[in-house]
Amino acid sequence: MFTIQTLNKISEKGLGLLDPERFAVKDDAAQPEGIILRSHKMHDMTLPESLLAVARAGAGVNNIPIESCTDKGIVVFNTPGANANSVKELVISGMLLSSRKIVEGVSWARNLKGESDVEKTVEKGKKDYAGPEIMGKTLGVIGLGAIGVMVANAAADLGMNVLGFDPYISVDSAWGLSAGVRRAKSLEAAVAECDFISIHVPLLESTKGMVDSSLISRMKDGVRILNFARGPLVNDADIITALESGKVAKYITDFPNAELLNQENVLPIPHLGASTPEAEENCAVMASRQLADYLSSGNIKNSVNFPSVEMEFSTDIRLVILNRNVPSMVGQITSVLADEKINISDMINKHRDEVAVTIIDVDGDISPEGVKRLEAIEGVIRARVIKK
Ligand SMILES: NC(=O)c1ccc[n+]([C@@H]2O[C@H](COP(=O)([O-])OP(=O)(O)OC[C@H]3O[C@@H](n4cnc5c(N)ncnc54)[C@H](O)[C@@H]3O)[C@@H](O)[C@H]2O)c1
Ligand SMILES: O=C(O)CC[C@@H](O)C(=O)O
């Protein structure tokens, strides 16, 4: 039986896939083997010794201490693309809301409650809430992954001129882009001629503060910037200065904070990008499946810190070993098994950057001492036995 701890509310559509005979799902557990979460920040948490895997029901993993997880042999998963459509729809709404003064107009109309001739006042006052269409305007999309590609394509379908920038674009994303999306050769070139700029990159040391005064100075006056990726990608002090001078007309952000709320031209959205039943279910289903598969078979799909690996069971007993990607690991592991007189039925070894995964199906049982000998090999991070 594996214990799965949930650190946020996770859709039952996903958790319901976890067989109750094999998985106990709890929101409080001292020694869980698995964790499923959304935006809960794990950085201050002591990682339990029992923890084998963390599944992020979502895309961003900046709330998870990835390096510590890797060092402790904890496999971290995310759910690429599972909430992309939900974010795309909100980005398109964000462009429309900020261009057409819809929020201001709605708020004005609500305040007419109780007035005698509302129809007449509406027709007279509506001129203050006119705003331009987005068709024919230029959008710059920074980051062309699951969300960026969908945003770029939807904007092109709405008749916008779209420029995309992503120096690390994947082959799949490049194939998925509409022919109408133009490629910008640099970040500066991507933003220079845009009426709207939408950011869709992960929060990393290298992307933190990427929208700062220097980049803003390259933009058109009156540009509207959309941030549905992560707050710290935009330098708050610099965007506030630009909003106050009118250089930036609107900042539409899914990550409001106290300072930004003081700004009239900030459109604050309470992190609703992935808050649709569809996205919540897609993410929960994907996260639950990936976590259950790893715990019960050692197979890995969509991990952000260990390689993908998959092998059908060929016997009833399987060893899953997470190790450093250094020479002679497989030789040392198999010689321990030979010493223990254990026959290997099938085996796979995959590496990614500094780490590797070795799955070995064996014919006989392996003793706890045998597992300890495997774990004692320098470079082995973790070894465990799975019985089918
Ligand atoms: N608001 C929300 O609720 C919500 C929901 C989902 C994702 N997100 C955020 O959006 C981000 C993107 O999500 P995704 O699903 O598209 O991820 P993704 O991994 O599919 O795409 C990210 C893209 O950014 C590109 N990239 C990385 N560094 C770059 C740089 N310096 N310049 C340009 N491009 C760069 C990558 O090559 C990749 O193509 C996530 O990391 C997450 O932080 C927010
Ligand atoms: O779970 C959420 O509501 C937000 C998820 C989102 O920020 C993500 O990175 O996928």
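How far apart do the end C-alpha atoms of residues 318–388 lie, and how much of the span is helix and how much strand? In this predicted model, the end C-alpha atoms of that span lie 8 Å apart, and the span is 28% helix and 45% strand. An unreviewed UniProt entry lists residues 318–388 under "domain: ACT".

- An open sheet is formed by 4 strands in the order S14-S15-S13-S16, and their pairing is antiparallel.
- At the edges stand strand S14 (344–352) and strand S16 (380–387), each of which pairs on one side only, while neighbouring strands of this sheet are turned by 15° against each other on average, direction ignored.
- Strand S14 and strand S15 (residues 355–362) run antiparallel and are joined by 8 bridges; Met347 stands opposite Ile360 in S15.
- Helix H14 (residues 368–376) packs on the sheet, where it touches strand S13 (317–324) and S16, and the direction of H14 makes about 155° with that of S16.

**The shell around ligand 1**

- Ligand 1 is surrounded by 32 residues, of which the closest are Gly60, Gly143, Gly145, Ile147 and Gly273.
- By residue class, the shell around ligand 1 divides into 18 nonpolar, 11 polar and 3 charged residues.
- Helix H3 (84–99) and helix H6 (146–157) each supply at least two residues of this shell, and the largest share, 3 residues, comes from H6.
- Because domain 1 (1–82 + 277–306) and domain 2 (84–268) both give residues to the shell, ligand 1 lies between them.

Terms used: Residues numbered from 1 in each chain as written. Chains lettered and ligands numbered in written order. Predicted model: local features only at pLDDT ≥ 70, side-chain atom pairs only at ≥ 80, totals over all residues. Near = placed C-beta within 6 Å. Nonpolar A, V, L, I, M, F, W, Y, C, P; charged D, E, K, R; others polar. Domains from an automatic or database assignment. UniProt positions renumbered as here; feature names shortened; annotations may be inferred. Pairing = 2+ DSSP bridges. Axes fitted to C-alpha atoms, helices over the stretch in contact; angles between N-to-C directions. Contact = placed C-beta atoms within 7 Å.
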